[in-house]
Amino acid sequence: MTITPIETPADRDWCARLLSTTDPWVTFKRDFDACHTILSNPVKERYVVRDHGDRAGLLILDMTGPFPGYIQTICLAPQARGQGLGSRVIAWAEERIFRDSPNVFMCVSSFNPDAQRLYRRLGYEVVGTLKGFVVEEHNELLLQKRRGSWAWFRAREG
């Protein structure tokens with residue numbers, strides 16, 4: 001597995017196509033153009049995941065804002081699922097985030113029990129519910145994995 005920044009239009013187009021044809025983005029009614037816009041935001045860290053050289057998924061991290069260390073998006077192509085790749089991508093994201101933050105955050109949709117099970121198995125805890133946050137009929141569960149407080153993290157750096 002390799003994870004590299006999305007740099008080419010072909011990678012961005014492939015990732016936007018994957019997102020726009022995969023849940024939860026289908027349920028969120030995010031079409032290709034909306035997904036392409038998300039993947040074009042230079043403030044976010046945007047990565048393409050490759051497995052054996054072939055595109056297999058994408059990862060978007062947000063290291064800014066009130067929750068630095070937020071896994072905004074992880075998406076694997078259908079043929080790449082069920083092989084442990086998602087766990088490896090999350091481990092990679094955690095390693096990246098824990099260099100700059102004591103916390104990793106992400107949201108998972110209430111209608112996505114498979115992802116909820118994976119995240120629980122990987123040590124994430126539900127710390128809140130965002131009711132009707134993306135679409136009225138579904139909630140987003142805010143998850144956190146922590147190593148310590150910001151005070152602990154800053155003291156460790158000093």
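**Exercise 1. A charged pair and its burial**

Decide whether Asp62 counts as buried or exposed, and then characterise the salt bridge that joins Lys44 to Asp62.

Solution. The coordinates belong to a predicted model, and the values here are computed from it. Step one takes the accessibility: Asp62 has a relative accessibility of 13%, so Asp62 counts as buried, given that the cut-off for burial is under 20%. Step two applies the same test to Lys44, which at 16% relative accessibility counts as buried. Step three turns to the geometry, where the closest N and O atoms of Lys44 and Asp62 are 3.4 Å apart. Step four places the pair in the chain: Lys44 lies in the loop between helix 2 and strand 2, Asp62 lies in strand 3 (residues 54-62), and the two are 18 residues apart, so that the pair links distant parts of the chain.

**Exercise 2. Salt bridges elsewhere**

State how many salt bridges a search of the whole structure finds, and describe those made by Arg50 with Asp11 and by Arg96 with Asp100.

Solution. The search of the whole structure gives seven salt bridges. One of them joins the side chains of Arg50 and Asp11, with an N to O distance of 3.0 Å; this pair links distant parts of the chain, since Arg50 sits in strand 2 (residues 45-51) and Asp11 in helix 1, 39 residues apart.

**Exercise 3. Aromatic pairs**

Count the aromatic pairs, and classify the arrangement of the rings of Phe28 and Phe111.

Solution. With ring centres required to lie within 6.5 Å, the count comes to six aromatic pairs. The ring centres of Phe28 and Phe111 are 6.0 Å apart and their planes stand at 80 degrees, so the pair is edge-to-face. Phe28 belongs to the loop between helix 1 (9-20) and helix 2 (32-38), while Phe111 belongs to the loop between strand 5 (103-109) and helix 4 (113-121), 83 residues apart. Phe28 counts as buried at 11% relative accessibility, whereas Phe111, at 23%, counts as partly exposed. Tyr119 and Tyr124 also form an edge-to-face pair, at 6.3 Å centre to centre with 65 degrees between the planes; Tyr119 is buried at 9% relative accessibility, and Tyr124 is buried at 4%. Finally, ring pairs link Trp150, Trp152 and Phe153 into a cluster.

**Exercise 4. The surroundings of a polar residue**

Determine which residue's side chain makes a polar contact with the side chain of Asn103, and describe the setting of Asn103.

Solution. Asn103 is found in strand 5 and, at 5% relative accessibility, counts as buried. The polar contact of its side chain is with the side chain of Gln144, at 2.7 Å. If neighbours within four places in sequence are left aside, the residues in contact with Asn103 include Pro68, Gly69, Ile97, Phe98, Gln144 and Lys145. Trp150 is also among the contacts of Asn103, and Trp150 is a member of the ring cluster with Trp152 and Phe153.

Notes:
Residues are numbered from 1 along each chain as its sequence is written. This is a predicted model: local features need pLDDT of at least 70, side-chain atom pairs count only at pLDDT 80 or more; totals for chains, interfaces and linings use all residues. Side-chain values use heavy atoms; hydrogens and water are left out. Rings of Phe, Tyr and Trp (its six-membered ring) pair if their centres lie within 6.5 Å; planes under 30 degrees apart count as stacked, over 60 as edge-to-face and the rest as tilted. Helices (H or I, at least four residues) and strands (E, at least two) are DSSP runs, numbered from the N terminus. Buried means under 20% relative accessible area, exposed over 50%, partly exposed in between (1.4 Å probe, protein chains only). A polar contact is a pair of N or O atoms within 3.5 Å; within protein, one must be able to donate a hydrogen and the other to accept it, and residues adjacent in sequence count only if both atoms are side-chain atoms. Contact means heavy atoms within 4.5 Å. A salt bridge is a side-chain nitrogen of Lys or Arg within 4 Å of a carboxyl oxygen of Asp or Glu.
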